[in-house]
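Subject: Structure for your review

Dear colleague,

Please find below the sequence and the structure that I am handing over to you. My notes on what was found follow directly after them.

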Amino acid sequence: MKKSAWLLSGLLVLASLTGCQQNGVKIGVSAPISGDIAALGQSTKNAVLLAQEEINAKGGIDIGGKKQKVTFIIEDDENKPESAATVFQKMINQDKVVAIIGSQSSKCSNAGAPIAEAAGVPQISPWSTNPNVTKDKKFVFRACFIDPFQGKAVAGFARGKMKAQTAAVLYDVASDYNKGIAEVFRDEFTKAGGKIVGFETYNTNDKDFSAQLSKIKGASPDVLFLPNYFNDVPLQVQQARKLGMTCKFIGSDGWDNQELIKMGGKDMEGSFFSNHYSPDVDRPASKTFIANYTKKFNTQVDAAAALTYDSVYILVKAIEKAGKLDPKAIRDAIANTKDFDGATGAITFNGSGDPVKGAVMIRIDNGKFVFDSAVN
Amino acid sequence: MIATAIQQLLNAAQLGAVYALIALGYTMVYGTIRLINFAHGDIFMLGGFVGFLLVSVIPGLPVAVMIPLAMFITAMIGVMIERVAYRKLRNAQRMSLVITALGVGIFLENLVRILVGPQARQIPAQLPNKVLKLGGGVVITEDKILVILISLALMVILWVFVNRTLIGTAMRAVADNRDAVQLMGVNLNLIIATTFAVGSALAAAGGIFFGQAYSIDPYMGIDLGWKAFIAAVIGGIGSIEGAVIGSFLLAGVEVLTVAYLSSNLKNGIAFGLLIILLLIRPNGIMGRAELKKV
Amino acid sequence: MNMADQQGKTLVRFRNIAIATILVATLVQFLGNVGLFNNYYLHILTVIGINIILVASLNLVNGYLGEFALGHAGFMAVGAYVAALIALKIPLPALVRLPLSLLGGVVAAGVIGYLVGRVTFKTVGDYLAIITLGFNMIIVNAIQNIDYLGGPRGLTAIPKGTNLVTVAVCTVITYWILRNLVDSVYGRMWLCIRENAIAGELIGIDVNKVKNLAFTIAAAFAGLAGGLYAQYQQFITPKSFDYLKTTDILVMLYLGGMGSLSGSILGVVAYTVLMELLRNVLGMVAPQLADLRMLISPLILVLIMLTRQYGLMGNREWRWLLPDRKQAEGGDA
């Protein structure tokens, strides 16, 4: 018993010794570095490191005429809400960050948001599409569009340009991102005069979708909507094609990663998905980001990276506009962001936590993401 | 209607074969040293990645060389894990071994994530994977047939190995009474190491087929491992033919729930039925009730 | 025995420790509120308290009863959702809301636990493990499909009712009840069943009934932890209660030691502090090392299990947390 008591007190003493202070501007990043969406965590980390390098190469953030270097403190929230809460508490109280970027999944952002709100620290989530994240909160923002917008955009596209009469949906029921978009799509597609002939689900980490797809095949829809992450989609598309399904595939911004084409191959050809930006549209901000990112990390840009990168710059611009490291002033500056020229398009906040921004539809053509049309 | 039903049965068969590939390893280790090796799903994942790395590092490596090589490497890793993490706890209470296995699993997941990256990968298909049309719209791909055949073949090989060879007999003896076996002059360490080697090699083969037919990622072993564990228990844990039967049964229930009830309730209904089954047969389908001495 | 006699008479007794814990918690919470105590540490202390309730209650089943239940997070989910619904949907003054919602969570989880136990204890061993795991998955799957409960999106904006003081009070009460239960005639029956169920039956123990009592109580306390968690985090989602959570609880339980309530405290504290320590130390040494956290922590877990195979405390207790009578006997620490 003595030994364990010593061990315990030793641990506690060590724990209390480890609060260290650094100079410059500190910004916290909560990212799913490990856990089931670790691929998104990797992109988040890359985007933040790229932004940090760029900002510091220019001397840092310009605060009231004085340049200050910026340090990003990247913490692993394991994609678990309780870990996200701990990470938020640590970054706010121990590291004394001025603002927080994160987290990616809505469940982790939701767990962190009350803490950021109570502490009065601005939070920008790059990719939490659940409307609840920013609801009734003053200090919480996001850089992406929300589920209802995207679901409506895709449904409109399917009915309009693709002239689909019938559609089926296969989505991950255990994940709020997928479910949110799927339900909006169902309602909007029906409202626009279409018919939903299949509405099937699976669970995160399932790899065999044959049962659901066989069932959908029986209903022979014109399009199959797959609002899922790029890890799952190629498997779904491959399995659907192998089952002899001939319908078109359509998806959401979770598709945005070259892995989709690498794994899906020619089965992905001719599919469409909604996204925040298109690599081939002539926007300098997007082009520079994509070129630098690809060069530095030797990997392709995805939505998580682009949105994180934009979140960082929205924040940095707001700090410069506020001219001081005061959370309240920074918060007001974020809320009044007008026509921010980001990698994912122009972003404007109308005082609320959700941005006003457009979406684009991307077509997969010869193994490339090609701009198809814009949705506003 | 009938075509769809047949298609769904085929779907169930391929899913069941995947579960069986992992469940066999679970049941084998359990059958010998009564350890629920929670790291087994992760060794399955590791085997897949070993295969993936071999193909990436040596392009053009023929599949007939790659698979045995990956099986060998993974078997060695399995033996090493047993030597380093499990052996010392062999005579400890069972649960400390289970927790150690959990720790080993978490370690492997994160090791692969850091070394190879968190993305999902597909092992370039070197096995035949053409689509076969069986008429009436019913289809199956060659690689899925292969997975089904391989899981059945492995079951037979394993059964023969455990029931008809000397070392297999020793394994069963270890399961029955470890102390008595040692008194008979059997090298206990060798037997247990062999068990882990065979179990891990099986997992590697499974992981590679899985990586070609589906995809592999560092955390895939968790869910598949649990599913396979459940399948092994339903079949009667420790029983080789039970593991395969349990796997096909679990897959069948899952697929039929999706096909004829609701995909939303897949897990709920599947587990509900399994619980009922276990209440009717509390030792699994092929399991024997253990006699307890007072 | 001399030492023990003196110990029994000193101030270091359960009642005093309990009072001191609650007083210190109140002080720390107050200091945290006015900004004099790091809120990060306050948060960790609160999480530790909630986890002690979870782990100590599971110890009844997995430690004292010697079964291998894998579904504790499911009962936590029941408690969390019921408490959250009461707090969200019924307009009540804050002072009534917290106890009522917690009570609701405890009762709901206890009832579900009783029903699950009725079914579960028809089996033993690994089959019992699977059935409890199955119920955990069924509960999570059911919540995911009920839109009233928010589905996978979960419930947000739950009123904040829990702080370190409430957690401390609940933890102390839980510990006190569990300790006395373990020391009671039921505790002896559980140990008897663990060591030899058939012998227990022969001396007239209604094995299934006594087993289910432990299971129901454990589930009820998991519900309490869930209720506290929901009103602390202010947000719950079904995925927070899946088998990964159960695994976390198991790791803390076996790390601390089965059949030892003091061990449950130690296991939770050691594991939580270790994880945060790794986060801080690795981040301080070099940011690129932070990635190794999830690699080092399982290694340490394995290492501890290898050197202390019964967990840190295995079947021993801290003397000063034992009932007075046993304390005088010297306990077994």
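In chain A of this predicted model, the residues Leu40(A), Ser43(A), Thr44(A), Asn46(A), Ala47(A), Val48(A), Leu50(A), Ala51(A) and Ile55(A) of helix α2(A) meet Ala304(A), Ala305(A), Thr308(A), Tyr309(A), Val312(A), Tyr313(A) and Val316(A) of helix α11(A). Two residues are taken to be in contact if their C-beta atoms, placed from the backbone, lie within 7 Å. The contact of α2(A) with α11(A) comprises twelve nonpolar, four polar and no charged residues. Here Ala, Val, Leu, Ile, Met, Phe, Trp, Tyr, Cys and Pro count as nonpolar, Asp, Glu, Lys and Arg as charged, and the others, Gly among them, as polar.

Helix α2(A) covers residues 38-57 and α11(A) residues 303-322; they pack at an angle of about 40 degrees, and their axes are 8 Å apart. Axes are lines fitted to C-alpha atoms, for helices over the stretch in contact, and angles run from 0 to 180 degrees between N-to-C directions. The two helices α2(A) and α11(A) are therefore oblique to each other; angles under 35 degrees count as roughly parallel, over 145 as roughly antiparallel, 65 to 115 as roughly perpendicular and the rest as oblique. The crossing of α2(A) past α11(A) is right-handed. A crossing is called left-handed if the near helix is turned anticlockwise from the far one by less than a right angle, and right-handed if clockwise.

As to conventions, residues are numbered from 1 along each chain as its sequence is written, and chains are lettered from A and ligands numbered from 1 in the order in which they are written. As the model is predicted, local features need pLDDT of at least 70 and side-chain atom pairs count only at pLDDT 80 or more, while totals for chains, interfaces and linings use all residues. Helices (H or I, at least four residues) and strands (E, at least two) are DSSP runs, numbered from the N terminus.

The sheets of chain A

One open sheet of chain A has five strands in the order β4-β1-β5-β6-β7, with parallel pairing. Two strands pair if DSSP finds at least two bridges between them. At the edges of this sheet are β4 (70-76) and β7 (140-142) of chain A, each of which pairs on one side only. From one strand to the next, the twist averages 25 degrees. Within the sheet, β1(A) (residues 25-31) and β5(A) (residues 99-102) run parallel and are joined by four bridges; Ile27(A) stands opposite Ala99(A) of β5(A).

A further open sheet of chain A is formed by seven strands in the order β9-β8-β10-β11-β12-β16-β17, with mixed pairing. Its edge strands are β9 and β17 (368-375) of chain A, each with a single partner strand, so one side of each is left without a neighbour in the sheet. Neighbouring strands are turned by 25 degrees against each other on average, direction ignored. Strands β12(A) (residues 272-275) and β16(A) (residues 359-365) run antiparallel and share four bridges, with Val360(A) in β16(A) as the bridge partner of Asn275(A). Helix α6(A) packs on the sheet and touches β8, β9 and β10 (223-226) of chain A, its direction making about 165 degrees with that of β8(A). Helix α7(A) (residues 210-219) also packs on the sheet, where it touches β8, β9 and β10 of chain A; its direction makes about 175 degrees with that of β9(A).

Strands β8(A) (residues 166-172) and β9(A) (residues 195-202) run parallel and are joined by seven bridges. Leu170(A) has Glu200(A) as its bridge partner in β9(A).

The contacts between chains

Between chains B and C, the contact takes 36 residues from chain B and 33 residues from chain C. Helix α4(B) provides the largest share of the side of chain B that touches chain C, with twelve residues. That side of chain B has 24 nonpolar, ten polar and two charged residues.

Between chains A and B, 31 residues of chain B are in contact with 27 residues of chain A. Helix α1(B) gives the most to the side of chain B that touches chain A, namely seven residues. By class, this side of chain B has twelve nonpolar, 15 polar and four charged residues.

Yours sincerely
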